[in-house]
Amino acid sequence: MTILVTGGTGRTGGAVARRLHEANFPYLVLTRSGTASAPYEANACRFDFLDPGTFGIPFDTAKTPVSAIYVVVPMAVSDEIAKPVTDFIDFAKGKGVKRFVLLSSNVYEPGTRICGAVHQHLIDLGGDVEFCAIRPTWFMENFSRAYVPSIKKDGVIASPSKDGKARWISTDDVGAAAFRALTDTTLTNTDHILLGPELLNYDDIAKILTDVIGKKITYSRISLDEYKAELETYGLVGLRAQIMLELRDELARGVENKPDNGEVLRLTGKAPITFREWAERNKGIWQ
Ligand SMILES: NC(=O)c1ccc[n+]([C@@H]2O[C@H](COP(=O)([O-])OP(=O)(O)OC[C@H]3O[C@@H](n4cnc5c(N)ncnc54)[C@H](OP(=O)(O)O)[C@@H]3O)[C@@H](O)[C@H]2O)c1
């Protein structure tokens, strides 16, 4: 039985692909380019949610029937993004796929937009399919992507998040939970809010990064308008920018200030890593 991994060249999908590879599980990494880096080259398969002409390629490529699919909804450029994803789920269901593991987010309840709309679609399919919704909080990896230039150049993390705290989680822990959901068929129609071990605001994170990198890192509190202007300089406008602003405003208002729920430990058998552990593993990125 083959598992298809959408977003397999990305962060949580990459962590899923690594576990499937190490477990010698038949899998395909679905990617728009049709290529993947080592050690997944032989398992790469062309696929694009926005091109229905590619939907059949993974099923023609898989050497054994497809048993489950990890569904990563691409970062939204429009509210319409849920439609191609649900079209692919319907296509896969038509090919006999029974099990879907959706990467959503703790902020998207079923029936809301984007990942929430895809989640609702899986619920509406009823007993025809089994699914697990993996709903993590904010990724630690946001600090190894967007903030890298400003940390390297000025030692600054700028955000309109005020003193808002979140239980930051590593995408590797999310991938470990998704791997369990893909391979354990006793988990059906479940909803997993995944939280990291500590509640940290940006000041706490700046302090940890200062220790780990060995260079003073400070948190600059900026306004939502200043953040919007900064996003525009990177060409981030429209829905994607609006979502980024809304999420940071929610963080500032304490929406992510949640008690630990032990879900990562329950799903993976391992406690989620701390921000400091994650930063130690990745410190080369900021040096
Ligand atoms: N950032 C956070 O803190 C956070 C928290 C909770 C949930 N999330 C959710 O995480 C998801 C992924 O975000 P990410 O930034 O971490 O992305 P990512 O996993 O690093 O990369 C995105 C992946 O999507 C694939 N992709 C993009 N467009 C595609 C298309 N049209 N068809 C097929 N595949 C496509 C890319 O593959 P190729 O380029 O190889 O085609 C890539 O593997 C989002 O749905 C977001 O809501 C994020």
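Which residue in strand 5 is the bridge partner of valine 71? The partner is leucine 102. This is a predicted model, in which local features need pLDDT of at least 70 and side-chain atom pairs count only at pLDDT 80 or more, while totals for chains, interfaces and linings use all residues. Residues are numbered from 1 along each chain as its sequence is written.

The pairing of valine 71 with leucine 102 belongs to a set of five bridges that join strand 4 (residues 66-72) to strand 5 (residues 99-103), and these two strands run parallel. Helices and strands are DSSP runs numbered from the N terminus, where a helix is H or I with at least four residues and a strand is E with at least two. Two strands pair if DSSP finds at least two bridges between them. Strands of a sheet pair through backbone hydrogen bonds, either parallel or antiparallel.

The sheet is open, has seven strands in the order 3-2-1-4-5-6-8, and shows parallel pairing. Its edges are strand 3 (44-46) and strand 8 (190-194), each of which pairs on one side only. From one strand to the next the twist averages 20°.

Elsewhere in the sheet, strand 1 (residues 2-6) and strand 2 run parallel and are joined by four bridges, and threonine 6 stands opposite leucine 30 in strand 2. Strand 2 (residues 27-31) is mostly covered, with five of its five residues buried; a residue is buried if 20 or more other C-beta atoms lie within 10 Å of its own, exposed if 12 or fewer, and partly exposed in between, with C-beta atoms placed from the backbone. Tyr27, Val29 and Thr31 point one way from strand 2, whereas Leu28 and Leu30 point the other way, and all are buried.

Helix 4 lies across strand 4, strand 5 and strand 6 (130-136), and runs at about 160° to strand 5. Angles run from 0 to 180 degrees between N-to-C directions, and axes are lines fitted to C-alpha atoms, for helices over the stretch in contact. Seven of the 10 residues of helix 4 are buried, namely Cys115, Gly116, Ala117, Val118, His119, His121 and Leu122, and these buried residues pack against strand 4, helix 3, strand 5 and strand 6. After helix 4 comes glycine 126, whose phi is positive, near 60°.

The axes of helix 3 (residues 82-94) and helix 4 (residues 115-124) come within 9 Å and cross at roughly 30°. Helix 3 is therefore roughly parallel to helix 4, given that angles under 35 degrees count as roughly parallel, over 145 as roughly antiparallel, 65 to 115 as roughly perpendicular and the rest as oblique. Ala82, Val85, Thr86 and Ile89 of helix 3 make the contact with Ala117, Val118 and His121 of helix 4, where two residues are in contact if their C-beta atoms, placed from the backbone, lie within 7 Å.

Helix 1 (residues 11-22) and helix 6 (residues 171-183) pack with their axes 8 Å apart, at an angle of about 55°, and they are therefore oblique to each other. Residues that make this contact include Ala15, Val16 and Leu20 of helix 1 and Val174, Ala178 and Phe179 of helix 6.

A further helix pair is formed by helix 8 (residues 224-233) and helix 9 (residues 238-252), which pack at an angle of about 150° with their axes 10 Å apart. Here Leu224, Tyr227, Lys228 and Leu231 in helix 8 meet Ala241, Met244, Leu245, Arg248 and Asp249 in helix 9.

The loops hold some backbone features to inspect. Most residues other than glycine have a negative phi, and most peptide bonds are trans. A cis peptide bond, with omega about 5°, joins alanine 38 and proline 39, and proline 39 is found in the loop between strand 2 and strand 3. Lysine 162, although not a glycine, has a positive phi of about 50°; its place is in the loop between strand 7 (156-159) and helix 6. Lysine 162 counts as partly exposed because it has 14 C-beta neighbours inside 10 Å. Asparagine 189 also has a positive phi of about 50° although it is not a glycine, and is placed in the loop between helix 6 and strand 8. With 13 C-beta neighbours inside 10 Å, asparagine 189 counts as partly exposed.
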